[in-house]
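Please open the model in a viewer and keep the selection tool at hand. The stops below are meant to be followed in order.

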Amino acid sequence: MPPASPALPTVDTGLAWDHRFADLGPAFHTRLPPTPLPAPYPVAHSPEVARLLGLDPAWLATEDALQLFSGNALPAGGDTLASVYSGHQFGVWAGQLGDGRALLLGETAQGWEIQLKGAGRTPYSRMGDGRAVLRSSIREFLCSEAMHALGIPTTRALCLMGSPAPVLRESVETAAVLTRVAPSFIRFGHFEHFAARGQTTELRQLADYVIDRYYPACRTTPDFGGNAYAALLQAVAQRTAELIAQWQAVGFCHGVMNTDNMSILGLTIDYGPFQFLDAFAPGHICNHSDTQGRYAFDRQPGVAYWNLLCLGQALHPLAGEVDTIRAALQAYPRTFQDALARRLRAKLGLSSPHEGDEALVQALLTLLAQDGVDHPIFWRRLAHAVDSGDFSPVGALFSNRAAWAAWLLSYSERLALVDKALAAKLMLKTNPKYVLRNHVAEQAIRAAAQGDMAPLHTVQRLLAHPFDEHPGHDAWADFPPDWAAHLAISCSS
């Protein structure tokens, strides 16, 4: 436990608070205040998330907001707590984990949980310091909002505050506190925690809370003979499958898909060593700490299923027979394959399936991998090519021009069956021009570390509308510079 500290002042946000997660009881969390952060300063905020919560974006520029969202004050009517969970990390049971550097500030009456990340040590910090650094906080702030703009389910980021306070990672960095927002931060690991301890009463209480609040249809489904807990597992499997299909289609690598980093609502959660692909490399490992490649890009779909098996095992005392759990989990492969096929067709401008589409897609992915073609640039250029009829800028990306020409012939024959104008329109709103590549984030980070927030704010604006052209900002969507190849992102990120 952190040492006792003087009582913190309170700030009236004007929000109406609820306490449904807090009311689950002390088995689920520990109440404690954040640890104050010295000399905080504002770094960035999201006006859209502020409005989502019912806050005036202008209020985020006030001293009250600065103190509240840096952990130096408490929300009047809120309820600050850290939740406990367990989980598998890199495929190994890690036992009790929990919010080691995150605190729930409270839950709004509209159903949004507001959480500080980097707010100091908690009973679940283990050997950690409970802090976040500016570098990783900028990455999470930008990527949370970027993923939302791409239409991918995610936690959101309200604001980011920095501090000159030193924090030791691989080197000494400066501290930051990120304010995250989600309908819930409950993870697979919450269920594993109580199952592993044989606390069936608490496990059932948690499952009932999740079902009644987020999956009420599980109470009335005829599937599994009315077994709501099996229906919950099936619903989570479906949401997870849809999420992973979106990751694979856009080229997003999470980097650390531990069961404690898997959202029960199918949200992208816990942005650490993530990366959007530069060159298309199916086996790419974005996490420098992942020495075995467990979380490589092409392994993400299988890992998600493995994690769901862990969730199924945790729900076994409630859901019943193993065969029932297996049946519920079969929703994952079916949903994932259908969702990924649908999204890859959309990237090609094909709004409905046709015989030969799967072979066309697979031939393209093989070709992209063989030539290590830049993933975001290829898809964006292809969209413009369908729009203009000029495919030469796309062909320039390939060294194997003969193979590209052969594939393009097949694709052209498929395009002849659709309205090209509609296909191009679909592609331009499916294939983003701007994604948060590592080198883009790094440039914003380096400038912010010197006190210059302008690049960060520019990147934020571009990522908020990733499918628009944004004339004059093409450099942010260009090929990565040579130095980007040496960027290493680890779990400490």
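A nonpolar core is here a set of buried Ala, Val, Leu, Ile, Met, Phe, Trp, Tyr and Cys residues joined through side-chain atoms within 4.5 Å, where buried means under 20% relative accessible area. The model is a predicted one.

**The cores.** Begin by selecting F191, V210, L348, F378, L382, Y411 and L436, which touch the most other members of the largest nonpolar core, a set of 129 residues. Next, display α6, which contributes 16 residues to this core, the most of any element. Then centre the view on V210: leaving aside residues up to four places away in sequence, V210 is in contact with I186, F191, Y215, L232 and I264.

**Helix α3.** Select residues 134–149, the 16 residues of α3. From first C-alpha to last, α3 reaches 23 Å, close to the expected 22 Å. Because 14 of its 16 residues are buried, α3 is largely enclosed by the rest of the structure. Continue to G151, which follows α3 and has a positive phi, near 85 degrees.

**The second largest pocket.** Which residues lie nearest the centre of the second largest pocket? Select L340, L344, V361, Q362 and L365, which hold that position among its 24 lining residues. Two or more lining residues come from each of α6 (228–250), α9 (331–347), α10 (357–371) and α11 (375–388). The most come from α9, with eight. Coloured by class, the lining shows 13 nonpolar, five polar and six charged residues. The volume of this pocket is about 530 Å³.

Definitions and conventions. Residues are numbered from 1 along each chain as its sequence is written. This is a predicted model: local features need pLDDT of at least 70, side-chain atom pairs count only at pLDDT 80 or more; totals for chains, interfaces and linings use all residues. Side-chain values use heavy atoms; hydrogens and water are left out. Helices (H or I, at least four residues) and strands (E, at least two) are DSSP runs, numbered from the N terminus. The expected span of a helix is 1.5 Å times one less than its number of residues. Buried means under 20% relative accessible area, exposed over 50%, partly exposed in between (1.4 Å probe, protein chains only). On a 1 Å grid over the protein atoms alone, a cavity is a set of points where a 1.4 Å probe fits but cannot get out, and a pocket is an open set with protein on both sides within 12 Å along at least five of seven lines; lining residues have an atom within 4 Å of a point. Grid points are joined across faces, edges and corners, and a volume is the space filled by probe spheres set on the points. Ala, Val, Leu, Ile, Met, Phe, Trp, Tyr, Cys and Pro count as nonpolar, Asp, Glu, Lys and Arg as charged, and the others, Gly among them, as polar. Contact means heavy atoms within 4.5 Å.
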